[in-house]
Amino acid sequence: MTTPLAYQEHLPAAPGWLNKGDNAWQLTAATLVGLQSMPGLVILYASIVKKKWAVNSAFMALYAFAAVLICWVLVCYRMAFGEELLPFWGKGAPALGQKFLTKRAIVMETTHRFDNGTVETPAEEPFYPMATLVYFQFTFAAITLILLAGSVLGRMNIKAWMAFVPLWLIFSYTVGAFSLWGGGFLYQWGVIDYSGGYVIHLSSGISGLTAAYWVGPRLKSDRERFPPNNVLLMLAGAGLLWMGWSGFNGGAPYAANIASSVAVLNTNIAAATSLLVWTTLDVIVFGKPSVIGAVQGMMTGLACITPGAGLVQSWAAIVMGISSGSIPWVTMMILHKKSTLLQQVDDTLGVFHTHAVAGFLGGLQTGLFAEPALCRLLLPVTNSRGAFYGGEGGMQFVKQLVAAMFVIAWNLVSTTIILLFIQLFIPLRMPDEQLETGDDAVHGEEAYALWGDGERYDPTRHGSLQTSNTAVSPYVNGARGFTIDL
């Protein structure tokens, strides 16, 4: 039987190692993750903040997405997934040449060895080119910075943010990624972080809280009242975030395989469960459901399931959803108000609670519920399992706890050093006069071209428009009537 033309190996663009299904899925998954940031979090941030900060909040996310990509291909991809320089860091180098990008993908240092030095699991080699893997991993790096931005919305100097993004990517993100994913010491030790509960959520939450401390708080008036300017548009951004998570966790196995399917199902189960639990608590305590609360519950569920999405059974995903819908709710709604330290730090969107607390919970529960048969599908360490399944599972929980402590410590210290360095040259916080005005003072732009907010119509600012002779009502404080001179 003749081989279809599309599958003939002699074609230059279809070498024998290329699996078109895996490549198509991985590019789709990367695009889904990218959509979580651009436009997902761009829309969510622009909508969930006070109107005067809509443009600035959206721009912080937009800038981070673009800046991370350029830094990623110039040096950072190979710092996170290249040859080992240190046990926690790879050798930085460009990922731009065609010889590098068109060869078969490989995560260089993921060969896992027994204690005697013999190979237990060879390096990961997906069935698609390096270009696909480089782009897929970029989208994870980008969303981490954008999640971090949620802690400092509404007051961080945009120039300081522009300097912070590449420095944090280089000196913080790449360390966690290499240590846990790229073959570093935590990977070799057998710590489980399926798709970024530690690398992304714990690190962004801890770094966000740290950055919020050093940048300083918003204006008192903004802290006391910070209503979203468009709740429905906020839900559109949240919807992109939720649906994009299928690529987030579904792409983590580097193939369109069984683990990918399990991960996508578990991801949605955990998110739905967490949303319902958070909403139920809102109703019980406050007497009515909150749309913003539902979005927070959705995010905690997604963050919690991420470290174990393809490695736990679906009943465990429900358990993880219950915990992520309740424990972060308690830390945000009750403990935060009683903690002197947390009250002093102005974490604008509560990223510490929704991502650090939820990611930490997910990592520990992965150490409890990681199912042996599912672990065999993906993990490099033989007989990996959670404590719930006996054997070496108890030690797995200890590994998860130790890894979390490393990620917390590294991000706290590195973020502090980076911000103190930037502060030598650029103020971290906007001046009060900019904070009073918002977007117009910072960017010369405003989110909505609408009349109102107490303004009167000024005909001298609008070309050929002329006012009518209609008397102004003494009860209206807004635009005067006008006619168009044709």
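Mentor: Let us start with the record: an unreviewed UniProt entry carries the annotation "domain: Ammonium transporter AmtB-like" for residues 24-448, and such annotations, given here in the numbering of this structure with shortened feature names, may be inferred rather than shown by experiment. This is a predicted model, in which local features need pLDDT of at least 70 and side-chain atom pairs count only at pLDDT 80 or more, while totals for chains, interfaces and linings use all residues. Residues are numbered from 1 along each chain as its sequence is written, and side-chain values use heavy atoms, with hydrogens and water left out.

Trainee: What makes up the span of residues 24-448, in helix and strand?

Mentor: The span is 68% helix and 2% strand, and its end C-alpha atoms lie 39 Å apart; helices (H or I, at least four residues) and strands (E, at least two) are DSSP runs, numbered from the N terminus.

Trainee: Why is the crossing of H12 and H14 called right-handed?

Mentor: A crossing is right-handed if the near helix is turned clockwise from the far one by less than a right angle, and left-handed if anticlockwise, and H12 passes H14 in the right-handed way. Helix H12 (residues 314-338) and helix H14 (residues 351-369) pack at about 145°, with axes 9 Å apart; the axes are lines fitted to C-alpha atoms over the stretch in contact, and angles run from 0 to 180 degrees between N-to-C directions.

Trainee: Which residues make the contact of H12 with H14?

Mentor: Contact means heavy atoms within 4.5 Å, and the residues that make it include Trp 315, Ile 327 and Met 332 of H12 and Val 357, Leu 361 and Phe 369 of H14. By class, the contact has 11 nonpolar, eight polar and no charged residues.

Trainee: What makes a space a pocket, and which residues lie nearest the centre of the largest pocket?

Mentor: On a 1 Å grid over the protein atoms alone, a pocket is an open set of points with protein on both sides within 12 Å along at least five of seven lines, where a cavity is a set in which a 1.4 Å probe fits but cannot get out; lining residues have an atom within 4 Å of a point. The largest pocket holds about 910 Å³, and of its 27 lining residues Arg 218, Gln 296, Met 332, Met 333 and Thr 348 lie nearest its centre. H12 gives the largest share of this lining, four residues.

Conventions. Nonpolar A, V, L, I, M, F, W, Y, C, P; charged D, E, K, R; others polar. Points joined across faces, edges and corners; volume = space filled by probe spheres on them.
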